[in-house]
Amino acid sequence: MSIINQNNTFIIQTNSNHYVIGVDKNGTNRFYYWGKKCSIEDYCADYVGFLTSNHTDLDGICQECSPFGLTMYRNFGLKAMFPDGCREISLDFIKSESDKNDLKLIFKDKCYSLEVILNYKTYDDSDIITKWITVKNTGNESIIFEKLFSGEFSLPGVKPYKFKNTNGSWGAEFLETETLLDGGSLIYESRRGTSSHINSPQFVAHQNADEKSGNVFFGVLEYSGNFKVEASRDLYGKTRVALGLNDFDFEYELTAGETFDTPKIHFGLSEGFGNMSRSLNRFAINHIFPKKFAKTPLLVLYNSWEATYFDVNTADQSRLAEKAAKAGVELFVMDDGWFGQRKDDHAGLGDWYVNEEKFPGGLTELINNVNKLGMDFGIWVEPEMVNPDSDLYRNHPEWAYHYDTRTPSELRNQLVLNMTKPEVQEYIYNCLSDLLSNHNIKYIKWDMNRPFSEAGAENLKHPKMLWYLHTKAVYDLVDRLKEEHPDVQFECCSSGGGRADWGAFRHFDMIWTSDNTDAIDRLNIQNGYTLTRPIKAMRAWVTDIEGYNRNTPLEFRFHVAMRGSLSLGGNMQKYSDEDMKISKEKIDFYKKIRNIVQFGDMYRLLNLDEDEISADIYVNEEKSKAVLFIAAVNTRCFKKSIPLFIDGLDDNKKYSFTFDNKEIVKSGAYLKNVGIPLEVRQQYYNKIIEINEVK
């Protein structure tokens, strides 16, 4: 990795690619090239001259940061209002600062006390680059930003690009879409207060790529709140992408002397979607996840929600824990219902004290019971929410987002707390810190079950700042709690996968993928998740939801969940001896393979929608061990016979495995190019195959 400066043309090198930017003779920031490495001497600043009075040179150039104003009429990334009412930014280049892996390009407004710094970071072990923007107020009066994006990208060539994103919902997260952008603009965004179940804070652009081949340009935004991705293609065929904090209902006051860093973008260029996914997975483990547990396998957990819902108590939870321990579970998590006057979802949120009717002796007895069974104990919380029927709301109704002249809208019988208030943050911190300090709790499931409404924050001079400040408060609270309680892992849940984003990966140790635990639906949900999100963080449950009008076998449900971080959530009190036997066998087997699943490279071999069969293989770093998952729900006439091409192994190594009761010994090259015959003749076909190098 290196940063090379040639007369203010900056070549950012990764192992495979060049990203070339610079400053032209007018002091304007410019983008020049993104692609495979070329000769360094070939790069130089180009010149875009006068076009027409309606299509100016500023419209024609490609920039890393386009400020609003002057004679530029295309999309822009920065917009601010200065104290005298001027609403455009005009930047002069001041200097660059760089070392081996980092680059800063520093600009200053021509007339006002505003510095804008373009930041870039490379990594010795990755082709991924990180970039973000810093704005600094060097004056004595505030500057009000109306748009503050993290970065812009210009895609090579003039042919249209296809953009992959998601168009999901609660219970149907990460459902992939692909849209050809041949003109105009394309928007992906969230306005809900979280990154949401619908669109993803990312761009994935290509012209003719597939799983193995073709250039894929991508970027993921490290942010869990309202985001926006703007893609556009102009009449000259230039495709531009910008992403960052959503400018919907947005303001940010940059006070005198303040410095603000936008959320980071991690971006790259890969050959094929598979390489992109693997690159992002490794990058998250090495550089994003909280360091304490980043390279520690996630434990097999059991969650009590579907077994007991709100009806929790020491005796019933202890009995569930005994069943979970017998199956080999390592972490027992008690879900909703343990606090305040929580009998259902109408009351109790915000009152984070132990319900003495359900737990007369507190939580200690239950936690001791769980620990004696050899398991860690975890617990569910929803700190950002409050029920109107709670002591907290009765005492502090002003702590919820509200307008005095509007009736608060309840969703799931709850309101959203105003996390921009220091007193609210301190209340939540003290409640959770006391809970962790007084109990042997190793795991917090942090939930957030509804979007914002009545987004009034009377405490803020600029109420539109609440969207960003709320997300920042969540990050700060989790970081603060993790620092005080370093042995506690945090899971990010937002009514399922509503915060399954790279901002969450930075602060939480894992995420809850979806409230939909139907194994058949999960094959699609998990497939979309793995496109740009790390597998290790993907919690996947085995529950009693067997499928809507589909009686999926327990083994099938296990095999789907074992493609991520295996968890259990069914009512094990009702499990038969055979169910318990299957659970024990599958958990024991998962523990044997989980390092490969959580830390290995995953190759998508077959897609359920396109091929009627789902097949993924996980390969360890040394390519000496692999685990192959194959599943089919129905094939036409319940019969399909195809060659299965097994990718990801070393062409020059020999591998052995058992498939359909036959011992197979073949080279990696043979398995990739010739494959093995796969015949599916049944409903709910599923197999897991261990593959080992022949020494």
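The second largest cavity in this predicted model holds about 90 Å³ of space.

- The lining here is made up of Arg-74, Asn-75, Phe-76, Glu-152, Phe-153, Glu-230, Ala-231, Ser-232, Arg-240, Val-241 and Ala-242.
- Three strands, β10 (143–155), β16 (227–233) and β17 (239–245), each give two or more residues to that lining.
- Sorted by class, the lining of this cavity has five nonpolar, two polar and four charged residues.
- Two of its lining residues, Glu-230 and Val-241, come up again below: Glu-230 is part of a salt-bridge network, and Val-241 belongs to a nonpolar core.

**The largest cavity**

- About 120 Å³ of space sits inside the largest cavity.
- Which residues lie nearest the centre of the largest cavity? They are Leu-523, Asn-527, Arg-563, Ser-614 and Asp-616, out of 16 lining residues.
- Two or more lining residues come from each of α10 (519–529), β31 (601–606) and β32 (614–619), with α10 giving the largest share at five.
- The lining of the largest cavity splits into seven nonpolar, six polar and three charged residues.

**The largest pocket**

- The largest pocket has a volume of about 490 Å³.
- It is lined by 18 residues, and those closest to its centre are Glu-176, Glu-211, Asn-527, Asn-607 and Glu-610.
- Asn-527 is a name to remember: it is listed near the centre of this pocket and also among the residues nearest the centre of the largest cavity.

**Nonpolar cores**

- The largest nonpolar core has 113 residues, and Trp-338, Trp-446 and Leu-566 touch the most other members.
- Setting aside neighbours within four places in sequence, Trp-338 has contacts that include Val-312, Trp-352, Tyr-353, Phe-359, Ile-379, Trp-380 and Leu-435.

**Salt bridges**

- As a rule, side chains of opposite charge can pair when their charged atoms come close.
- Arg-394 pairs with Asp-391, with the closest N and O atoms 3.0 Å apart. The two sit three residues apart in helix α6 (residues 391–395), so about one helical turn separates them.
- Arg-394 is partly exposed at 49% relative accessible area, and Asp-391 is partly exposed too, at 33%.
- Asp-509 and Lys-482 meet in a salt bridge at 2.6 Å, N to O. This pair links distant parts of the chain, 27 residues apart: Asp-509 is in the loop between α9 (502–507) and β28 (510–512), while Lys-482 is in helix α8 (residues 466–484).
- Are Asp-509 and Lys-482 buried or exposed? Asp-509 is buried at 3% relative accessible area, and Lys-482 also counts as buried, at 13%, because the cut-off for buried is under 20%.
- Glu-679 bridges to Arg-681, the closest N and O atoms being 2.8 Å apart. Glu-679 is partly exposed at 37% relative accessibility, as is Arg-681 at 48%.
- Lys-147, Lys-228, Glu-230 and Asp-247 are joined in a network of salt bridges.

Note on methods:
Residues numbered from 1 in each chain as written. Predicted model: local features only at pLDDT ≥ 70, side-chain atom pairs only at ≥ 80, totals over all residues. Heavy atoms only, no water. 1 Å grid on protein atoms, 1.4 Å probe; cavity = no way out; pocket = protein on both sides within 12 Å on 5 of 7 lines; lining within 4 Å. Points joined across faces, edges and corners; volume = space filled by probe spheres on them. Helix = DSSP H or I, 4+ residues; strand = E, 2+ residues; numbered from the N terminus. Nonpolar A, V, L, I, M, F, W, Y, C, P; charged D, E, K, R; others polar. Core = buried A, V, L, I, M, F, W, Y, C linked by side-chain atoms within 4.5 Å. Buried < 20%, exposed > 50% of the residue type's maximum accessible area, 1.4 Å probe, protein only. Contact = heavy atoms within 4.5 Å. Salt bridge = Lys/Arg side-chain N within 4 Å of Asp/Glu carboxyl O.
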